[in-house]
Amino acid sequence: MLSRFIRRAPENFLSQDDIKSVRAGRRGFLAGAVAAAAASSLAAQRAMAQDDPAIVNLPAHSKGLGQGVATRAYGMPSEWEKNLQRRQSPGLTRVPQSSVSFAPLQGLFGIITPSGLHFERHHQGWWDIDPTQHRLMVNGSDETMLKRPMVFSMDELMRLPSVSRMHFIECGANTGMEWGNAAVPTVQYTHGMLSCSEFTGVPLRTILELCGADFKRAKFVLGEGADGSGMTRTIPMSMVMNGEVLVAYGQNGEMLRPENGYPLRLIVPGVQGVSWIKYLRRIELGDMPYATKDETIHYVDLMPNGLHRQYTSIQEVKSVITSPSGGQVLLEKGFHNVTGLAWSGRGKIKRVEVSVDGGKNWKAARLEGPVLSKCLTRFNSDFVWDGKPAFFQSRAIDETGQIQPTYGELRKVRASRSIYHNNAIQSWALTENGEVNNVQLS
């Protein structure tokens, strides 16, 4: 959305022609009413209204009939918002079927990601599966692990008692390209493998109880997907027993989208997204980790001594400022709202602090409700730009006391050649001409 004060850049930087055009007099809306009020006095607003053709000349939509109800049987975004899309990173992978699309965090509000903008990570492409033919099988690694191996149709699952909960999902490789140095220009590409939805489904524990699971012997669960990649992941039974793990069919009030696992996926709050098995077809109970292909050589932590650390699936406390962020341009001095997202795989966000001088000084941000466990939390902070350079950072603290680390702190224990689980503090540099760039500060 074009603004007189800041323009969001879903993918690219503003050109100098764009900047000149806006500064020459294009008017728009600022994201917050507070900023608009601080930008001009009441008298100036009245003077502007007398000359503003957008007010003086009635537009067509004020003089005629609009579109009829249900013209679009399924609602679509405004054409003026068509640039807000999930996007691929050119050259990231060889084939699009095994790749990623990034959510446009810089243009979203609140904490819920629209289903159509939810990030994607596929290992062999997505499918639109006939739900009447889909089945969920539950079995044990031996005959005594559960009393009744069962097969559920979608109809049978959807008649069971359901729950709905809001949780974030983050790919373990989110921000992975930034381990060595600043690699990509915008927050869509640095942090866009992150989304948050309301999921609806049946607690996995309920299904296992129906099958007569031996919860004393069963220490782990194996989830298996129905797509061609044969994705399988080990999940500790302790995560299942607290009732958080869901076998979900609903997302944001409707059925899951095909790109997000329709008709069935596993929801494992707080854990890296690869464990949220899409197209879920089988659950197996076992007494030890399964050491599947993506658990032994992928989604592991590279340590400074060259060894890999496996089964570190919790997404640690993390935050990022989404505006102002890389690719955006501040077009005028004065008040600006600094906003972003914070999350932790260990529970609720307790506090977020914002710095505008590269971490020398910190100020507590406002946490906007709701603040939920293992869910995105929106934060806001006031900033008055005097035209001088600034360095924006955010630092999150969760309810367990974990504090988001700097790159220097993280690299002491993880070196700089890793890929997964990068939760370091993100820095954005504001230049004197208003451009915001991705930088790294230790």
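User: Is Tyr189 buried or exposed?
Analyst: In this predicted model, Tyr189 counts as buried because its relative accessibility is 7%.

User: How many aromatic pairs does a search of the whole structure find?
Analyst: The search finds four aromatic pairs. One of them is formed by Phe102 and Tyr189, with an edge-to-face geometry, 5.3 Å centre to centre and 75° between the planes.

User: And which parts of the chain does that pair link?
Analyst: The pair links distant parts, 87 residues apart: Phe102 is in the loop between β2 (100–101) and β3 (120–121), while Tyr189 belongs to helix α6 (residues 187–191). Phe102 also counts as buried, because its relative accessibility is 0%.

User: Moving on, which residues have the most contacts inside the largest nonpolar core?
Analyst: Those residues are Leu136, Leu208, Leu266 and Ile283, in a core of 80 residues.

User: What does Leu208 touch, leaving out residues up to four places away in sequence?
Analyst: Its contacts include Val138, Phe215, Met237 and Ile283. Phe215 has a further neighbour, as Arg205 lies over its face at 5.9 Å from the ring centre.

User: Where does the charged end of Arg395 sit?
Analyst: The charged end of Arg395 sits over the ring of Trp362, 4.1 Å from its centre.

User: Why is strand β19 described as largely enclosed?
Analyst: Five of the seven residues in β19 (residues 349–355) are buried, so the rest of the structure largely encloses this strand.

User: Which strand do six bridges join to β19?
Analyst: That is β23 (residues 390–398), which runs antiparallel to β19; Ser355 has Gln393 as its bridge partner there. β19 also pairs with β20 (residues 363–364) in the antiparallel sense, over two bridges, and in β20 the bridge partner of Val354 is Lys363.

Technical notes. Residues are numbered from 1 along each chain as its sequence is written. This is a predicted model: local features need pLDDT of at least 70, side-chain atom pairs count only at pLDDT 80 or more; totals for chains, interfaces and linings use all residues. Side-chain values use heavy atoms; hydrogens and water are left out. Rings of Phe, Tyr and Trp (its six-membered ring) pair if their centres lie within 6.5 Å; planes under 30 degrees apart count as stacked, over 60 as edge-to-face and the rest as tilted. Helices (H or I, at least four residues) and strands (E, at least two) are DSSP runs, numbered from the N terminus. Buried means under 20% relative accessible area, exposed over 50%, partly exposed in between (1.4 Å probe, protein chains only). A charge sits over a ring if NZ of Lys or CZ of Arg is within 6 Å of the ring centre and within 35 degrees of the ring normal. A nonpolar core is a set of buried Ala, Val, Leu, Ile, Met, Phe, Trp, Tyr and Cys residues joined through side-chain atoms within 4.5 Å. Contact means heavy atoms within 4.5 Å. Two strands pair if DSSP finds at least two bridges between them.
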